[in-house]
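Look over the sequence and the coordinates, then read on.

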Amino acid sequence: MNKKNTNPLDFQTIPFDFQEYPMEEIRSRALKYYHNMSRRRTIRDFSNREVPIDVIENCILTADTAPSGANQHPWHFVIVKDPKKKRKIRDAAEKEEKEFYSTRATSEWLEVLAPLGTNEKKPFLETAPYLIAIFAQIFGVNKKGEKTKHYYVNESVGIATGILVSAIHYSGLASLTHTPSPMKFLNQILDRPDNERPFLLLIVGYPADDARVPNIRRKSLSEITTFF
Ligand code: IYR
């Protein structure tokens, strides 16, 4: 029989199944992962080539392994394949983007976007096989219908999204992190409740055969780090 728990901090634990590798292997895994992730690019020219749903499902299960504040998993993923829904999302997003590019964006903002060649046209919202709308649950709702507090929502959903982007790339597909702004229209089109705020729209699929990407560079280690 288990000892009775009298200490409130003595919550139930299970042994940790840590996978230990020899140091040479750790080195080589770190380098290989880096080389693999270096090949990831955000693409905007998508093919309409099909992607099996089980691949998407496994990438989402991978995203759900993300750490989250108080282990609350404050995220919800809506996977959109239905052409009618995609059309509605494209129409709404292009309406907002038109506003953004013609009036809302500051000239300073447009200047930094110029090298990326983005504009208000978002054909990929219909071309790509899947859109994944990621929602952040800014608060929870318990069984009695009462609001419950969620902690570190942005950090948690940001990490889950990063893991999702990485899983999609590792699987051999491409993605685009798209943030039409504002994107509240996603709640209405995708029938999500008020406690969920659209966080990001991820476009997933294969690149078009003639896809091109901006000629940008990544930063060097010394530009992004300080060691003590
Ligand atoms: N949401 C717009 C603008 C845009 C903003 C940033 I910051 C980008 O890195 C890319 C685009 C759009 O999707 O076109």
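## Surface and overall build

The accessible surface of the protein chain comes to about 15900 Å². Carbon and sulfur atoms hold 54% of that area. The model is predicted. Of the 228 residues in the chain, 34% are buried. Along the principal axes, the C-alpha atoms fill a box of roughly 65 × 55 × 40 Å.

The chain has eight helices and six strands. Read from the N terminus, the order of elements is α-α-β-α-α-α-β-β-β-α-β-α-β-α.

## The ligand shell

Which residues surround the ligand? They are E97, F100, Y101, W109, L113, L116, T118, N119, K122, H178 and T179. By class, five are nonpolar, four are polar and two are charged. Helix α3 (83–104) and helix α4 (107–113) each supply at least two residues of this shell. The largest share, three residues, comes from α3.

In E97, a side-chain N or O atom sits 3.1 Å from a nitrogen atom of the ligand. K122 places a polar side-chain atom 2.5 Å from a ligand oxygen. For H178, the distance from a polar side-chain atom to an oxygen atom of the ligand is 3.1 Å. On its own, the ligand has 380 Å² of accessible area, and the protein covers 72% of it.

The peptide bond between S181 and P182 is cis, with omega about -5 degrees.

Most residues other than glycine have a negative phi, and most peptide bonds are trans. H73 is not a glycine, yet its phi is positive, about 45 degrees. H73 is found in the loop between α2 and β1. Is H73 buried, partly exposed or exposed? H73 counts as partly exposed because its relative accessible area is 25%, between the 20% and 50% cut-offs.

Y152 is the other case. Its phi is near 50 degrees, again a positive value in a residue other than glycine. Y152 lies in the loop between β4 (147–149) and α6 (153–171). Y152 counts as exposed because its relative accessibility is 58%, over the 50% limit.

S156 lies in helix α6. Is S156 buried or exposed? Its relative accessibility is 3%, so S156 counts as buried; the limit for that class is under 20%.

The S156 side chain reaches back to the backbone oxygen of Y152, at 2.6 Å. Y152 is the residue with the positive phi near 50 degrees. Further contacts of S156, leaving aside neighbours within four places in sequence, are P67, S68, G69, P74, W75 and Y151.

## The loop between α2 and β1

T65 is placed in the loop between α2 (53–63) and β1 (75–80). H73 is found in this loop too. T65 counts as exposed because its relative accessibility is 59%, with the cut-off at over 50%.

How far apart are T65 and I163 in space? Their C-alpha atoms are 8.4 Å apart, although 98 residues separate T65 and I163 in sequence.

Key. Residues are numbered from 1 along each chain as its sequence is written. This is a predicted model: local features need pLDDT of at least 70, side-chain atom pairs count only at pLDDT 80 or more; totals for chains, interfaces and linings use all residues. Side-chain values use heavy atoms; hydrogens and water are left out. Helices (H or I, at least four residues) and strands (E, at least two) are DSSP runs, numbered from the N terminus. Buried means under 20% relative accessible area, exposed over 50%, partly exposed in between (1.4 Å probe, protein chains only). A residue is near a molecule or strand if one of its heavy atoms lies within 4 Å of it. A polar contact is a pair of N or O atoms within 3.5 Å; within protein, one must be able to donate a hydrogen and the other to accept it, and residues adjacent in sequence count only if both atoms are side-chain atoms. Accessible areas come from the Shrake-Rupley method with a 1.4 Å probe; for residues, only the protein chains shown count as cover. Ala, Val, Leu, Ile, Met, Phe, Trp, Tyr, Cys and Pro count as nonpolar, Asp, Glu, Lys and Arg as charged, and the others, Gly among them, as polar. Contact means heavy atoms within 4.5 Å.
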